[in-house]
Amino acid sequence: MGIRSDNRRTASACGLRGSLILKMVPALLLSLIGLFGASPVIAATAAATPTAAVVMPDLTTSLYGVLAVIIFVLAYVFVIGEEFFLLRKSKPMIVAAGLIWLLTGLAYAVNGDTETAGPALQHNILEYAEMFLFLLAAMTFVTTLEERQVFGALRSWLIVRQFSLRQVYWITGALAFVLSPVADNLSTALLMGAVVLAVGNGNRQFVTVGSINIVIAANAGGAFSPFGDITTLMVWQEGLVPFAEFGRLFLPSLVNWLVPALLMYRVVEKAPPAADQHGKTRMRRGALAIIGIFLGTIVFSVLINSSLHLSPALGMMTGLGILKLYGYWLAKREPALRDTGHLSQHQAENIASMEYTQGDHTDVVRRFDIFHVVERASWDTLMFFYGVVLAVGGLAQLGYLSLASEHVYGTLGPTLANIAVGVLSAVIDNIPVMLAVLRMAPDMDMAQWLLVTLTAGVGGSLLSIGSAAGIALMGQAHGVYTFMSHLRWTWAIALGYALSVFCHLWISAT
């Protein structure tokens, strides 16, 4: 799902990203405290709670509120510096969420209200649960396709065709653009990045611009589909943008990718690819049927949401159940273990629990097990999302997001504020940024909600550290595709970003 905060980040960007973090922390902390303490507000709006508001004193300037902000900022420092600190991002956010809601409950209790915080917390947990079920089902489908070697077969097909470097440049970019609306942008980027590295072995310039092209295309492709990124999914499930309306972002997203792609294309050589050093990979049994089940699940989820107004999570979980039933049938038809080499019983048992492998002396196939696939879902991302939803919900309950909405959207106006959201997502992960916008609930029409969906989705392409796709490719093309090599083309990416915004505004005005 175009999920940018995936746990498969690489250590290659550690030092660079860590130094950036340390420089940003003091300014970020001071600016947040300054903003949140700037003016008094009545923190009774409680945007996240369905219960009636209770008039409360200003909690944004209270000790509880300030401590909650400090805890959130410190936790997010560890999130941004995941590779620098070698600490999974979900851990600090889960702790921060608990502490923030503890402070929220205390803040209300000392003011004589013990009834508001509890229902508000329950509402946030329910909202997360719906998103969790949807993402778990979607991740399981993508991971199953990976286990059935669908992506590996595609990569192998591209390599053996012996396309020229210029052809590979456009093919990988186009495939990243069309795959990311269904698969997550990280998996798409890693798949296409492997192709670029394989065919451009030794050609540093091609690998660099090819990697940048993939990052931009993967992020842009995920922006015009509710299934392409967590931010687009949040906007859809909130009911702010109907499924069909996302199609209006296709042309702006295409502009966002094509403009920098055309500018970078001129430096790609007309050279042949490197010699193929990879064997041919075939899709495993049942791959095509699983693709069909996945597409049917997406259609079913959209239909029940648009026609019956039922949660898309119901459709995704129903599809996951069908996948499990098909997995049961598939496991009965697939051999448990076939050994054509010289393996001991202990080795055979170990291999039976591993992915499909081939070596010089073995030909091993393990029986399909859907629960092994579920285990490989990005649990760090799912737990991180829990922490973000509850932490941001707690800050909203304390009144901070109402204050931020007043200062940002009230001062800049929706268009400039939404453009700034995209630029901010190049430095701070787009999930909490978009969630904060949803909690602010600014008064915007459909065109503006589509604009912030677009900018939050593609803004991360401005820097290599702005998206999970960029960070992953920095590790995959270690020492070749770097922060600085990406930064050299930021002007072209920024031009594409600006033109995509103008394109959307033009479409909305016609």
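Student: Which residues does Gly173 contact, leaving aside its neighbours within four places in sequence?

Tutor: With those neighbours set aside, Gly173 is in contact with Asn213, Ala217 and Trp257. Contact means heavy atoms within 4.5 Å. This is a predicted model: local features need pLDDT of at least 70, side-chain atom pairs count only at pLDDT 80 or more, and totals for chains, interfaces and linings use all residues. Residues are numbered from 1 along each chain as its sequence is written, and side-chain values use heavy atoms, without hydrogens and water.

Student: Why is Gly173 called buried?

Tutor: Its relative accessible area is 0%. Buried means under 20%, exposed over 50%, and partly exposed in between (1.4 Å probe, protein chains only). Gly173 is therefore buried. Gly173 lies in helix α7, residues 165-179. Helices (H or I, at least four residues) and strands (E, at least two) are DSSP runs, numbered from the N terminus.

Student: What separates the C-alpha atoms of Gly173 and Ile214?

Tutor: 5.1 Å, although the two residues are 41 apart along the chain. Ile214 is one of the α9 residues that meet α21.

Student: What makes α9 and α21 roughly antiparallel?

Tutor: Their angle is about 155°, with the axes 9 Å apart. Axes are lines fitted to C-alpha atoms, for helices over the stretch in contact, and angles run from 0 to 180 degrees between N-to-C directions. Under 35 degrees counts as roughly parallel, over 145 as roughly antiparallel, 65 to 115 as roughly perpendicular, the rest as oblique. The pair is therefore roughly antiparallel.

Student: Which residues make that contact?

Tutor: Ser211, Ile214, Val215 and Asn219 in α9 meet Ala469, Gly470 and Leu473 in α21. By class, the contact of α9 with α21 has 4 nonpolar, 3 polar and no charged residues. Ala, Val, Leu, Ile, Met, Phe, Trp, Tyr, Cys and Pro count as nonpolar, Asp, Glu, Lys and Arg as charged, and the others, Gly among them, as polar.

Student: Why is α8 with α21 described as roughly parallel?

Tutor: The axes of α8 (residues 185-199) and α21 cross at roughly 30° and come within 9 Å. That angle makes the two helices roughly parallel. Among the α8 residues in the contact are Leu186, Leu190 and Leu197, while α21 contributes residues including Ala472 and Gln476. The contact of α8 with α21 has 9 nonpolar, 3 polar and no charged residues.

Student: How do you know that Thr208 is buried?

Tutor: Its relative accessibility is 12%, which counts as buried. Thr208 lies in α9. Residues up to four places away aside, Thr208 touches Val480, Tyr481 and Ser485.

Student: Which residues touch the most other members of the largest nonpolar core?

Tutor: Met93, Phe206, Met234, Phe385, Tyr409, Met434 and Val452, in a core of 140 residues. Helix α5 gives the most to this core, with 13 residues. A nonpolar core is a set of buried Ala, Val, Leu, Ile, Met, Phe, Trp, Tyr and Cys residues joined through side-chain atoms within 4.5 Å. Tyr409 contacts Val452, as well as others including Val421 and Met440.
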